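Hello,

Here is the structure I said I would pass on. Please look it over first, then read the notes below it.

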Amino acid sequence: MPTTGYSLHDWTFLWAFLAFSMPVYKYQPKLPISSLTKLHLHYKHSNIFYHQLTYSIHGFYDFFKCFLNPSSNPSSWVNDGCSASNFNQDFDLTWGDGRAKILNNGELLTLSLDQPSGSGFQSKNEYLFGKIDMQLKLVAGNSAGTVTAYYLSSKGSTWDEIDFEFLGNLSGDPYILHTNVFSQGKGNREQQFYLWFDPTADFHTYSILWNPQRIIFSVDGTPIREFKNLESSGVPFPKNQAMRIYSSLWNADDWATRGGLVKTDWTQAPFTASYRNFNANACVWSSGASSCGSNTPTSTSSSNAWLSEELDSASQGRLQWAQKNYMIYNYCTDTKRFPQGLPVECTTS
């Protein structure tokens, strides 16, 4: 039996979970786990199977992330996730005049927006490379005009930035997940996606892997975007500026929903987004030095394996699935926007 510090009870729970989940997955072995969400349409006549399938989908990724983290507490996995983070220790509430709140002894953070103001927070630490996870539950109902932003950013006129932005919409219409990468103050690298679930009904994990070779955006463990280091082709890459984590909930009804045609309905205020289970496996930058030991760390010990992590063939397949089925805008195919030619990274393999 592997020696990770778990009891016989914990391992028994793992095998029971596997026995419970694998019969579900075998029906569609060629699909990524996340795409199993489509299967409920075929099996909803069976109440037992339907609930089994739903539990397996939403729990599979987080369960194994928890199980492989020896510092996590198995008793909290089902309801609370596995992260030992504490928002009081890791973040500062930076604006909103009380509209941002840390609750449940630091386990939950909420941002709210009303007509006078939105709210926001930032990490206490700066990072130079990292694997960042955060679980979010977005504004429910009519969220048109609102934007929930969750991103990494440095300071100055030639800043670097890695963006998740969630653009609200009318009730019943899907959220748009907007991504962008800025390097040395230059962005214009937007890719947008619909999600394959309702991001307001429950918490979902949004992750950024940032190492010297690439940036990977993931949702519930499924990669949706990869931005590679192509400095050899003249494309600047964020690698020299430490960044903090920021998040905010704010009104952007001049552009966020249908180009600004749909305005925020303030009768629905306050709008609230919730956060939990922050995790940063990252190089903390402090006083000009990295906690990983050098300015551009290359260590690949087991704890820092993410510093050289890349997409394997299975992950490449999930990336292609997400982009084929859920990408709704890609700057790399927008020839009207770039009549003089697409950006270099779009034409470099």
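A residue counts as buried under 20% relative accessible area, as exposed over 50%, and as partly exposed in between (1.4 Å probe, protein chains only). By that rule C332, at 17% relative accessibility, is buried.

Before the rest, a word on where the values come from. The model is predicted, so local features need pLDDT of at least 70 and side-chain atom pairs count only at pLDDT 80 or more, while totals for chains, interfaces and linings use all residues. Residues are numbered from 1 along each chain as its sequence is written, and side-chain values use heavy atoms, with hydrogens and water left out.

Disulfides

A disulfide is a covalent bond between the sulfur atoms of two cysteines. Here the term is applied to a pair of cysteine sulfur atoms within 2.5 Å. The structure has two of them. If the bonded cysteines of the protein chain are numbered in sequence order, they pair as 1-2, 3-4.

C332 sits in the loop between β16 (327-330) and α7 (344-347), and C346 sits in helix α7, so the pair ties together parts that are 14 residues apart in sequence. (Helices, H or I with at least four residues, and strands, E with at least two, are DSSP runs numbered from the N terminus.) C346 has a relative accessible area of 21% and is partly exposed.

The second largest pocket

On a 1 Å grid over the protein atoms alone, a cavity is a set of points where a 1.4 Å probe fits but cannot get out; a pocket is an open set with protein on both sides within 12 Å along at least five of seven lines, and lining residues have an atom within 4 Å of a point. Grid points are joined across faces, edges and corners, and a volume is the space filled by probe spheres set on the points.

The second largest pocket has a volume of about 420 Å³. Its lining has 17 residues, and Q191, E226, F227, K228 and E345 lie nearest the centre. At least two lining residues come from each of β12 (222-228), α6 (313-326) and α7.

Strand β6

How many of the eight residues of strand β6 (residues 146-153) are buried? Seven are, and the strand is mostly covered. Two strands pair if DSSP finds at least two bridges between them. β6 pairs with strand β13 (residues 244-251) in the antiparallel sense over eight bridges, and T146 stands opposite N251 in β13. β6 also pairs with strand β7 (residues 161-167), again antiparallel, over seven bridges. There, F164 in β7 is the bridge partner of Y150.

Residue I102

I102 is in strand β2 (residues 101-103) and is partly exposed, at 22% relative accessibility. Leaving aside neighbours within four places in sequence, I102 is in contact (heavy atoms within 4.5 Å) with F87, N88, L93, L108 and L109. From I102 to S274 is 172 residues in sequence and 9.9 Å in space, C-alpha to C-alpha.

Regards
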